[in-house]
Amino acid sequence: MSEFRHIEQCMGTVFQYLGYSDSSPTEAIAESVAVLHEADQTFSLYIPDSPLSRLARGETSISELPEIVSFIWDECEKWSELTDGWFSAMTKENTFDPSGYVKAWATIEAAKKLTEHGISDFAINAGGDILLSDRASNSFPKRIGVAKAKSIAETTDALTVLDLANTDFYAVATSGTSERGEHIWNPKSYAQANELKQVTVIAKDLITADVLATAIFASGSQAEKLITKFTGEIEVLVIDRETEVFATPGFSSLVAPV
Amino acid sequence: MRKSAQIIMGALTLGSVVTGVQLGSTAKSNEFLPSPVPTDTPTDSASPLPSDSPSTNPTPTTKPTRAPAPKPATTVSHTSDPIYYRYGVVQVTVVKKGTKITDIQLDQATATNGRSAAFSYLVQVALSAQGSNFDQSLLSGATFTTDAFVQAMDSALNQF
């Protein structure tokens, strides 16, 4: 088994691959990143002639677009209902922007390509949201660092390390204002969500982790209700505006011993 | 949020606010952990011993042999390519003594909107994480600045 690493720029962020393989992973990685780029070509709102850009300009309709667009639309609707409206792929201009969802979905699809090539020990960091292979052996390290909000980092060296070995959790996603500034909207008021500093969600799959990190962050002071709804499915770490740190009961058992 | 946070604690029995101890000693918040980041020689244990741990240590069957005196490690440094990213440019020089990273110098670290403050933090993280408690590429929650920093680190480390 030899280690492989790969960095792919896509969707305006960086996808980092880390894994172990008996054979050369070159072909598997090529197929995997092709999935990411294909998703980007379809769903990017920065590519003027992408299907989503044309949809946003009202030049086409969902029914005329590739079936995958309808699929993602339906999935986003489903998650909107599951989160009581705290997750939404609709912008305040009432255009469809599923970029967060698509990043998670595409990462899962990209991971499948590695699995199809017989690679099971790997992880993908999709711009700060991390997928662990659910077939990874016990020898694959399942330790994931959680960056803390930058405003805390300025004064302390704050970092938590999770160890997901021997658990059913294969995904960690973090939403916060640490790096990109305030970029998450409250889908109910369309104001910028700023009641929390950072939300980290550990889940069984990357879509659940990613969607709920965003939704919980957006829900701000309503986070408790939303977190409770998913009890048993996720573990959550919340840093509020006063930089107080809170976590669900099971979270601390996932923290790696030092 | 303070009020709501308290509600979260109650309703979910979040129990104690998650302190640095529970998060592992590499983590701390402003309020709860005044102690410095651990170096690779931690002086205290982060968690209490499990109650069912054996009360006596097994006696080793063979006496450990004394390790041979290590060869003096040489100090080598390499400078990364400049990594241009969304908010600026980052270039680092990594200093290694033997296999241990002893220093990371920020030759260039620019970022708009005060984001450059993140770099000194990232240096600390990179230094303290070399004990491989987690892989640098598996850091959740940092995006552009960290990406650029990680690329610069890779660029420098690949030259060793």
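Q: Which residue in the turn between E9(A) and E10(A) has a positive phi?
A: Thr243(A), with a phi of about 55°. Keep in mind that this is a predicted model.

Q: How many residues sit between the two strands of that hairpin?
A: Four residues separate E9(A) from E10(A).

Q: And how do E9(A) and E10(A) pair, over how many bridges?
A: The pairing is antiparallel, over three bridges. E10(A) covers residues 245-247.

Q: What is the bridge partner of Ile239(A) there?
A: Val245(A), in E10(A).

Q: Which strand do six bridges join to E9(A)?
A: That is E8(A), residues 196-203. E8(A) and E9(A) run antiparallel. Within this pairing, Thr200(A) stands opposite Leu237(A).

Q: Is E9(A) mostly covered or exposed?
A: Mostly covered. E9(A) spans residues 235-240, and six of its six residues are buried.

Q: Which residues are on each side?
A: One side has Glu235(A), Leu237(A) and Ile239(A). The other has Val236(A), Val238(A) and Asp240(A). Both faces are covered.

Q: Switching to the whole chain. How many helices and strands?
A: Chain A has seven helices and ten strands.

Q: What share of chain A is buried?
A: 51% of its 258 residues.

Q: And what percentage of contacts join residues at least 24 apart?
A: 58%, counting contacts in chain A between residues at least 6 apart in sequence.

Technical notes:
Residues numbered from 1 in each chain as written. Chains lettered and ligands numbered in written order. Predicted model: local features only at pLDDT ≥ 70, side-chain atom pairs only at ≥ 80, totals over all residues. Buried ≥ 20, exposed ≤ 12 C-beta atoms within 10 Å, placed from the backbone. Pairing = 2+ DSSP bridges. Contact = placed C-beta atoms within 7 Å.
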